[in-house]
Amino acid sequence: MNEKIKVTLPGNISKEVDIETTTLEIIGTGKKAGQPLAAIVNGEIVELYRRLKADSNIVPINITDRIGYSIYARSISYMFVLAAHEVFKDASVVIDHAINNEIYGEIFCDREIDEKDILKIKEKMIEIVKSDDIIERVKVRKEEAEAIFKSYGANDKLSLLKNALDYEYVNLYKCRGMYDYFYGPMVPSTGYLELFDVMFMKPGFIIMLPEKKEIDKLPPFRHLPKLRSVYKETKKWAKILEVSNLGTINEKIETGKIKDVILVAEALHEKKISQIADSIYEHRDKLKVVLIAGPSSSGKTTFSNRLSIQLKVLGLEPHNIEADNYFVDRAHTPLKQNGEPDFESIKAVDVELLNEHLTELLKGNEIENPKYNFITGQREASGEKYKMTDKSILIVEGIHALNEELTPTIPKESKYKIYVSALTQLNLDNHNSMYVSDVRTLRRMIRDNRSRGNDAETTLIGWPSVREGEEKNIFPYQEEADIMFNSTIIYEMSVLKKYAEPLLKEIKSDSPAFTEATRILKLLRFFQDLDEKYIPQNSIIREFIGGSCFE
């Protein structure tokens, strides 16, 4: 008689099954949109073909979940790599970055890729979906993995294995006779990957994924020229720094060459901020209000301070206005559908008073700066009065700053809009990009623990709500910016690691944040520790780890 184990599903549904039963056999999923792609088993994210060896709590994951969406995206990327190699035998595919439901990458071979080439790859992908090939997880010794990737000429994988994967065994994926390393689970087979599109975007390609909320259809392509431009700039910076992936930066840490990377990366930030200040100065006759927006923990405060210094160098007199000081009294804060206060709604801001003050200042009149008391939930008089001079320029920082509804009475020609975001500069290797928001998650976790006493669990549990507010109030307006600034620094995950790890390890296995904490801890294991002694006091990273000259 087979040994039995107990499995528990959502809704507290329990049953006994044979040991070694797969998660897929228990869930009984199909392959259509909305069906489970993977599962969380006892807090660990696993493939559906994982065999259970002990009593297990099972939570199915589908594409509407952030984890499920990343599994779908990762699996589609693998399928693209497979198809590209079958169409072009010696091609090298680089998965560069993701923007919402799009994955951008490039193909390198003995000639330039064109639209017809991408169409051939798309047709091959459709063929692979129809053949429903198994995506097999294979555990091999590290030496065997190195031999496989050496035979492929995959130097990026070899660098990752040498400098980041300090394990005796490595989990690879195998499909259609080709091995690859991917960080994170895959769907069981290619038949799960029906919904996608691929298009040519010179010099590379874009893979279109389903909508996160309307999972049965693909959204229209969005041009996003400014956001794409800042990604190109970020790629250029990485080339200047001679850092192509995580393996190379770990190597620079080990060999003591990281000091130059830090100093040049910080200099690139300073040069960009200086260029933004120059642009504002050139149009100083018209520009009187600089509006700065960005998502949580993007480094807006440090950026604003550094921009102010550069404007002072040019002879201007910047005056900072925090939109948060114009919050309505808490009793009048709009509510979300669940009844909780919606502090991220534009209706939580007293837009009328803000515009009244801006208008009066631009007329040359004096105002008293308000001060919001976050303890009492009321706006108070600060006693601080301000009046502009002919050299003054106003800097307004707030999440709604790019939304015209925040400053409707101020002429557009008087405003200069800046979008600050932390767009990940570093990928693990050619096929493994990181979550764009992981850097911001760690920044916020470390800062809130240091300055507010919040634990990591609080940050992780609240993060989905933060992201929901950003999707609604910030990201739709990012293309309204006159210029974008990427606040991420290529080496920073190696610095954040030592601050984040102890906080994440405090999260218990029964916490709703445990699965995400485990995922991030596994990610951080790839990174070598980096001491912050060479990081300047005005660095954006200092806003989060401490030691900032602006505190």
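## Terms and model

A polar contact is a pair of N or O atoms within 3.5 Å; within protein, one must be able to donate a hydrogen and the other to accept it, and residues adjacent in sequence count only if both atoms are side-chain atoms. This is a predicted model: local features need pLDDT of at least 70, side-chain atom pairs count only at pLDDT 80 or more, and totals for chains, interfaces and linings use all residues. Residues are numbered from 1 along each chain as its sequence is written, and side-chain values use heavy atoms, leaving out hydrogens and water.

## Glutamate 543

Helix α15 (residues 542-545) holds glutamate 543. Helices are DSSP runs of H or I, at least four residues; strands are runs of E, at least two; both are numbered from the N terminus. Glutamate 543 counts as buried because its relative accessibility is 13% (buried: under 20% relative accessible area, exposed: over 50%, partly exposed: in between; 1.4 Å probe, protein chains only).

The side chain of glutamate 543 makes a polar contact with that of threonine 302, at 2.6 Å. Leaving out residues up to four places away in sequence, glutamate 543 touches several residues, including Lys300, Arg447, Arg450 and Glu551 (contact: heavy atoms within 4.5 Å).

## The open sheet

Four strands form an open sheet, ordered β6-β7-β12-β11, with antiparallel pairing (strands pair if DSSP finds at least two bridges between them). β6 (92-99) and β11 (197-201) are the edge strands, each pairing on one side only. Five bridges join β11 to β12 (residues 204-208). Methionine 199 has isoleucine 206 in β12 as its bridge partner.
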